[in-house]
Amino acid sequence: MSDETAAPKKAVLTPPKVLGIFALAMINVAAVLSIRNFPSMAMFGWQCIGWYIIGTVLFLIPLSLAGAELATMLSDKGGGVYAWCKEAFGEKGGFIAIFCEWSNNLVWFPTVLAFIASTLAFALSPALGSNSIYLFSVMMIAFWGTTAIAYFGENVSSKFQNYGVILGSIIPSILIIGLGVWWALSGATIVLPPFSLSQIVPTLDLSTLPFFATVILLFAGMEMAGFHALETRNPSTDYPKAMAISAVIIFACTVLATLAIAFVIPADELSLAAGVMQAIEYFFNALGIPGAVAPMAVLITIGGVVSLAAWLIGPAKGLGVVAEEGNLPPIFNRTNKYGSPVMVLFIQALIGTFVSLLYVFLPSVNQAYWILSAMTVELLCIVYLLVFASLIKLRYSRPDAPRPFKIPGGIPGIWLIGGMGAFGVIFAFIVGLMPTGAFTAKETLFYVIGVLLGTFILAVPPLIFLKLKKPSWIETGNKEG
Amino acid sequence: MTEIDKETWAVILILLLVILVPFGALMFLTNPEPYHATSANLLREAAGSAGLKVVRDFNATLRVAGATGGHSYTVEDKNGNFFTIFTQSFDSAESRDAAIKAHNAQSVGKGRPIGELIVVGDQLIYIHPTSETIRGTILPELNKKKSGIKP
């Protein structure tokens, strides 16, 4: 149960209710649907269907249903996963969940920012991709620009995401799918072997196990709309519909666009064209429309920016609620007139800038990156394990609470859905510890200890902060004019 | 302006320590792979030493800055399984490292990039995700190449 003694002091400003079904769905689509996944997954040929099914059954469906039930049940509480996990496990559980979601971003930001910069370079001049000054400049423009959009509140950021996700994720996906269909219908050679059911079964062995964690978290971000509960017009009816719409768009675009690429580009060439834009260039050249490469690079860059925006704004809003409830010092509890947690956004941007600086200017970060990216996976697994555990626990601790959307099947149903999700993320956590990089035995030990230690260090601060917490922190948080 | 008490300073310090120290330490402690010229047949030689047979090899150069040429190899193990390995040489440590970062930026979802990237001197060796079962066979040979050639 939640800790009633630490009930939040109500915000002076009530956030405007600006979000409807479409806007909520687009927040999730922005967070999850990414063109950069397609060529990498297309390397698996027909097997990509099997991998996507694993990710869908063990993660996308459970998380969508869990998000719909928890968001509608707790629609009067801000903070997304923080509110859900706090309701089930108290402040410690909620704080750890939101802190893990926030801190894993700090590892991920440099890579998505580098993706944005290198994709844009493809539209301007590919040679820029190896220029550190160019990379860092574009990364910072994207990062601070997105932070500025978040500053202007839900109304501005949701419009940005609505238009951005259509331009940068949905339109490019539909274009790739359409061109794949045209390729197939035009009688051109489909490079995949003839379809058979046995071809979609993924190869599961020791070498592909680490990939399992990647597949499970392929759809991470479906909880993102939950951070915007207080700005939603009719949460009890809009959330389930938004979850369903976003899940269908994400699944359909991802599977069909991946297959379209796999139809046209041989697996060998895909491995050669490791980058998204190299694959897109090959794809458009094969289709006889090389002039479409640069515009597509611009669209995919926009898609990268809206994905960044979704992950930058959601967890920061959650941490803002933590600060508002007095679990962080008042200095973190600064909300502007647009309802944005300005101090959390500012601190996040400063830390992200520092980490990006290291990422771009340190010589070779290959092995360090593998450890950091493994920590991202582990931290996310902790978040989602807490979400699925909250889903199950609240059916016992709050059985009579109104649930406008309720996962069917009663207690067995909740155990089935929550259990599948929990199984997926626990398994992903374990296999996420297995190194796939070029490590010696000594380095492997260093890797596993490093990942576990790093994950622990990035997950545990909330427990220290709650120890340091003072009653005055609730009272002295202030608002900007 | 709110007065900053010692607990607030403690929270700020912890935030800085827990986030910046691991990042900084990891990035400074791991050594960059030295850049040096390697044999154009590096992979073919390593495959031969590992008992793998190269059955197909075609030239392939990535359209990225500093890429000077590479190969796409299809190799066969003793059990008749086929694997794809791709190599790419670079004209400088900077262009090689930029390519590593570009590869790392191609992560799937919030996870990691697919496939494995091995750095040997001026070459990047990419092992296709469905070919990772031969990692244990060819990796020791590639590591010998790393230690055998000084910058």
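What share of the contacts in chain B with a separation of 6 or more comes from residues 24 or more positions apart? Hold that thought for a moment, everyone.

A word on conventions. This is a predicted model, where local features need pLDDT of at least 70, side-chain atom pairs count only at pLDDT 80 or more, and totals for chains, interfaces and linings use all residues. Residues are numbered from 1 along each chain as its sequence is written, chains are lettered from A and ligands numbered from 1 in the order in which they are written, and side-chain values use heavy atoms, with hydrogens and water left out.

Back to chain B. The answer is 53%, with contact meaning heavy atoms within 4.5 Å. Chain B has 4 helices and 5 strands; these are DSSP runs, H or I of at least four residues for helices and E of at least two for strands, numbered from the N terminus. Along the sequence the pattern reads α-α-β-β-β-α-β-β-α. Of its 151 residues, 61% count as buried. Buried here is under 20% relative accessible area, exposed is over 50%, and partly exposed is in between, using a 1.4 Å probe and protein chains only.

Now to the interface. Chain B brings 66 residues to the contact and chain A brings 89. The area buried between them is about 6,800 Å², with carbon and sulfur atoms giving 67% of it. That area is the accessible area (1.4 Å probe) that two parts lose on being put together, summed over both.

Which residue of chain A forms a salt bridge with Asp5(B)? That is Lys470(A), with the closest N and O atoms 3.0 Å apart.

Several elements of chain B supply at least two residues each to the side that touches chain A, among them strand S1 (53-59), helix H3 (93-104) and helix H4 (135-148). The largest share, 16 residues, comes from H1(B).

Thr119(A) sits in helix H4 (residues 81-124) and is buried, at 4% relative accessibility. A polar atom of its side chain lies 2.6 Å from the backbone oxygen of Phe115(A). Leaving out residues up to four places away in sequence, Thr119(A) touches Met277(A), Ala297(A), Ile300(A) and Thr301(A).

How many disulfides are there over all chains? The count is 0, where a disulfide is a pair of cysteine sulfur atoms within 2.5 Å. Take Cys85(A): its closest cysteine sulfur, in Cys100(A), is 9.9 Å away, so that is too far for a bond. Cys85(A) is buried, at 0%. For Cys253(A), the closest cysteine sulfur is 14 Å away in Cys48(A), also too far for a bond. Cys253(A) is buried too, at 7% relative accessibility.

Last stop, Pro16(A), in the segment before helix H1 (21-32) of chain A. Pro16(A) is partly exposed, at 44% relative accessibility. From Pro16(A) to Thr258(A) is 242 residues in sequence and 39 Å in space, C-alpha to C-alpha.

Methods: A polar contact is a pair of N or O atoms within 3.5 Å; within protein, one must be able to donate a hydrogen and the other to accept it, and residues adjacent in sequence count only if both atoms are side-chain atoms. A salt bridge is a side-chain nitrogen of Lys or Arg within 4 Å of a carboxyl oxygen of Asp or Glu.
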